[in-house]
Amino acid sequence: MFASRLAASSRSAARLFSTAAAGSTESTGRRAATTVATLGAAAALAYSVSLTSTSAVHADTEAEGLHAPHYPWNHKGPLDSFDHASIRRGYQVYKEVCAACHSLDRIAYRNLVGVSHSVDEAKALAEEMEYVDGPNDQGEMFTRPGKLSDYHPRPYPNEEAARAANAGAYPPDLSLMVKARHGAEDYVFALLMGYCDPPAGVEIREGLNYNPYFPGGAIGMARNIYDEVVEFEDGTPATASQIAKDVVTFLAWAAEPEHDDRKRMGLKAMILLTAMSGFSLWLKRFKWSVLKSRKVVFKPNA
Ligand code: HEC
């Protein structure tokens with residue numbers, strides 16, 4: 001908009017210039033006018049680009065949240081698998097802290113088997129929960145302890161109940177959270193650890209909390225990770241950052257349970273394809289050797 005208006009004004013200036021120059025050396029005048037107009041348009045464009053880009057930077061930090069720093073996750077390298085001890089600790093954090101508000105719809109107890117828990121441990125975890133099942137012979141629903149095939153229960157029966165308990169904010173399902181946010185693991189970690197006092201002049205509404213990493217800065221979730229908010233069974237010191245790192249590793253696994261297999265398959269495929277490409281190169285040279293080494297001689301009849 002701005003650029004086109006400036007360009008239009010410089011065009012009319014050029015028209016004025018060319019009218020003034022008309023008469024004596026009309027063609028030179030017009031050429032000069034065109035040059036002035038072009039320069040004017042270019043300047044207007046450069047100015048408007050600089051204008052939009054600076055305002056965009058301001059809008060970004062405020063509307064899209066602070067960019068999360070990059071953390072050295074142990075599963076990020078092309079050949080790295082998840083740290084499964086960390087997944088196990090992270091599951092404990094989810095269960096003891098996050099599960100009070102967040103559902104984990106896509107993870108069944110059987111998914112934990114062989115990843116973070118043994119079959120018996122996962123069975124025991126499932127049995128701690130009650131599930132409604134049925135109907136029985138009398139047509140009535142009944143409750144029973146959980147089984148390996150059950151999915152994690154939701155903390156609230158529906159979205160309205162969840163909002164009512166959280167001052168209107170809806171705690172989203174965490175199964176795919178790491179994949180669903182720009183910045184992935186880095187973002188979730190920075191969010192959990194990033195609570196601080198709002199800067200001077202920033203007003204946060206009652207019931208909301210200031211977090212610079214959350215788009216808009218005001219988040220419905222209060223800080224809930226502190227030193228020793230859980231006690232790890234493997235003796236790992238439960239500092240706040242350790243707890244956040246473990247729960248994010250767990251959520252990264254929940255969002256991509258096939259991660260370790262995918263990388264192992266990828267490595268196997270690369271090894272196989274490399275060997276096969278070497279062999280096919282040799283085969284190609286072998287098959288073509290007759291043609292490549294022949295000599296065509298032209299002998300005209302004397
Ligand atoms: C007391 C309830 C409560 C607890 C406990 C809780 N959260 Fe939340 N969480 C919320 C609410 C409410 C929101 C929605 C905030 C909003 O939209 O303003 C939320 C949002 C989130 C989001 C999404 C932020 C976004 O970008 O939209 C993530 C990620 C998250 N929580 C992770 C966690 C993790 C991990 C834990 C456990 C360590 C946890 N939460 C514990 C209530 C809770």
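The model is a predicted one, in which local features need pLDDT of at least 70 and side-chain atom pairs count only at pLDDT 80 or more, while totals for chains, interfaces and linings use all residues. Residue numbers run from 1 along each chain as its sequence is written.

**The nonpolar core**

Select Val-188, Val-247, Phe-250, Leu-251 and Ala-254, which have the most contacts inside the largest nonpolar core, a set of 37 residues. Such a core consists of buried Ala, Val, Leu, Ile, Met, Phe, Trp, Tyr and Cys residues joined through C-beta atoms within 7 Å; a residue is buried if 20 or more other C-beta atoms lie within 10 Å of its own, exposed if 12 or fewer, and partly exposed in between, with C-beta atoms placed from the backbone. Helix α9 (240–255) is among the elements that give two or more residues to this core, and the largest share, ten residues, comes from α9. Helices here are DSSP runs of H or I with at least four residues, and strands are runs of E with at least two, numbered from the N terminus.

**Where α3 crosses α9**

Next, show α3 and α9, whose axes come within 7 Å and cross at roughly 100°. The axes are lines fitted to C-alpha atoms over the stretch in contact, with angles from 0 to 180 degrees between N-to-C directions. Residues of α3, including Gly-90, Val-93 and Tyr-94, meet residues of α9, including Val-247, Phe-250 and Trp-253, where contact means C-beta atoms, placed from the backbone, within 7 Å. Color Val-247 by itself: leaving aside residues up to four places away in sequence, Val-247 touches Gly-90, Val-93, Tyr-94 and Cys-98.

**The ligand and α8**

Move to the ligand, which 23 residues surround, the closest being Cys-98, Cys-101, Pro-171, Gly-220 and Met-221; a residue counts as near if its C-beta atom, placed from the backbone, lies within 6 Å. Helix α8 gives the most to this shell, with three residues. Nine of the ten residues of α8 are buried, and these buried residues pack against α7 and α9. Ala-184, in α8, has a positive phi near 45° although Ala-184 is not glycine, and Ala-184 counts as buried because 20 C-beta neighbours lie inside 10 Å.

**Two loops**

Finish with Pro-135, in the loop between β1 (130–133) and β2 (142–145), which is joined to Gly-134 by a cis peptide bond with omega about 0°. Then select Glu-228, in the loop between β4 (218–219) and α9, where phi is near 60°.

Note on methods. Two residues are in contact if their C-beta atoms, placed from the backbone, lie within 7 Å.
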